[in-house]
Amino acid sequence: MNTDRIEKKIVLRASLERVWNAISDAKQFGSWFGVDFDGSFVEGAHLTGRIVPTTVDAEVAKLQEPHSGKRFEWTVDRIAPMRRLSFRWHPFAVEPNIDYSKEPTTIIVFELQEVADGILLTITESGFDQIPLARRAKAFAANEGGWEKQTQLIQKYLALQSKG
């Protein structure tokens, strides 16, 4: 089993432009992901995100509600329009009295590829082997499940958009 890398794939039945906007626009991203950012996604930008319940799934929103208002740091790494967007953060940095700023970050990559049925979105988070041992397994497990949910949320977001 790979302990350093999480990878999730989903084919989204939407145009490349719609999928790109859903991942590259901070407001749209926040709507399905469940976060309110204090700025736009611009290469090199350091943003603060605040957890808010997702707007696309009532069950997931209930799970996010107890964490509402929790803040985290997010750095936009690279943007290759319509193809790739990457971010860095401190995974599962949930304890309010711990300073995570000295720890290494993981990198999250969203890659888009046109396929016969739509757009293949691949979400990869890597760098867990550098996270302090005391919290590495917990961070990996939390994010493994989290990214699985997020692939479902973006799919629901795009489906709701096409109806609206």
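Is Thr-124 buried or exposed? In this predicted model, Thr-124 turns out to be buried, with a relative accessible area of 6%. Thr-124 sits in strand 7, which covers residues 118-126. Once residues up to four places away in sequence are set aside, Thr-124 touches Arg-5, Ile-6 and Glu-7, and also Ile-107, Ile-108 and Val-109.

Val-115 belongs to strand 6, which runs over residues 106-115. Not counting residues up to four places away in sequence, the partners of Val-115 are Val-11 and Leu-120. Val-11 lies 104 residues from Val-115 along the chain, yet the two C-alpha atoms are separated by 8.1 Å.

Neighbours within four places in sequence aside, His-46 is in contact with Trp-74 and Thr-75. Between the C-alpha atoms of His-46 and Phe-87 there is a separation of 9.7 Å, the two residues being 41 apart along the chain.

Most residues other than glycine have a negative phi. Met-82 has a positive phi of about 70° although it is not a glycine. Met-82 is in the loop that links strand 4 (71-80) to strand 5 (84-89), and Met-82 is partly exposed, at a relative accessible area of 30%. Phe-92 is not a glycine either, but has a positive phi of about 50°. The loop between strand 5 and strand 6 is where Phe-92 is found, and at 29% relative accessibility Phe-92 counts as partly exposed.

On the helical side, helix 4 takes in residues 133-163, 31 residues in total. From first C-alpha to last, helix 4 reaches 45 Å, close to the 45 Å expected at 1.5 Å a residue. A number of residues in helix 4 are buried, among them Arg-135, Ala-139, Phe-140, Asn-143, Trp-147, Gln-150 and Thr-151. Further along, Leu-153, Ile-154, Tyr-157 and Leu-158 are buried too. An α-helix has 3.6 residues a turn, so residues three or four places apart point the same way.

How does helix 2 lie against helix 4, and at what angle do they pack? Helix 2 (residues 26-33) and helix 4 pack at about 115°, with their axes 8 Å apart. That angle makes helix 2 roughly perpendicular to helix 4. The crossing of this pair is right-handed. Helix 2 contributes Gln-28, Ser-31, Trp-32 and Phe-33 to the contact, while helix 4 brings Trp-147, Gln-150, Leu-153, Ile-154, Tyr-157 and Gln-161. Sorted by class, the contact of helix 2 with helix 4 has six nonpolar and four polar residues, and no charged ones.

Helix 1 (residues 16-24) also packs against helix 4, their axes coming within 11 Å and crossing at roughly 125°. Helix 1 and helix 4 are therefore oblique to each other. Here too the crossing is right-handed. From helix 1, Arg-18, Val-19, Ala-22 and Ile-23 make the contact, and from helix 4 it is Ile-154, Tyr-157, Leu-158, Gln-161 and Ser-162. The residues of the contact of helix 1 with helix 4 divide into six nonpolar, two polar and one charged.

Conventions
Residues are numbered from 1 along each chain as its sequence is written. This is a predicted model: local features need pLDDT of at least 70, side-chain atom pairs count only at pLDDT 80 or more; totals for chains, interfaces and linings use all residues. Side-chain values use heavy atoms; hydrogens and water are left out. Helices (H or I, at least four residues) and strands (E, at least two) are DSSP runs, numbered from the N terminus. The expected span of a helix is 1.5 Å times one less than its number of residues. Buried means under 20% relative accessible area, exposed over 50%, partly exposed in between (1.4 Å probe, protein chains only). Axes are lines fitted to C-alpha atoms, for helices over the stretch in contact, and angles run from 0 to 180 degrees between N-to-C directions. Angles under 35 degrees count as roughly parallel, over 145 as roughly antiparallel, 65 to 115 as roughly perpendicular and the rest as oblique. A crossing is left-handed if the near helix is turned anticlockwise from the far one by less than a right angle, and right-handed if clockwise. Contact means heavy atoms within 4.5 Å. Ala, Val, Leu, Ile, Met, Phe, Trp, Tyr, Cys and Pro count as nonpolar, Asp, Glu, Lys and Arg as charged, and the others, Gly among them, as polar.
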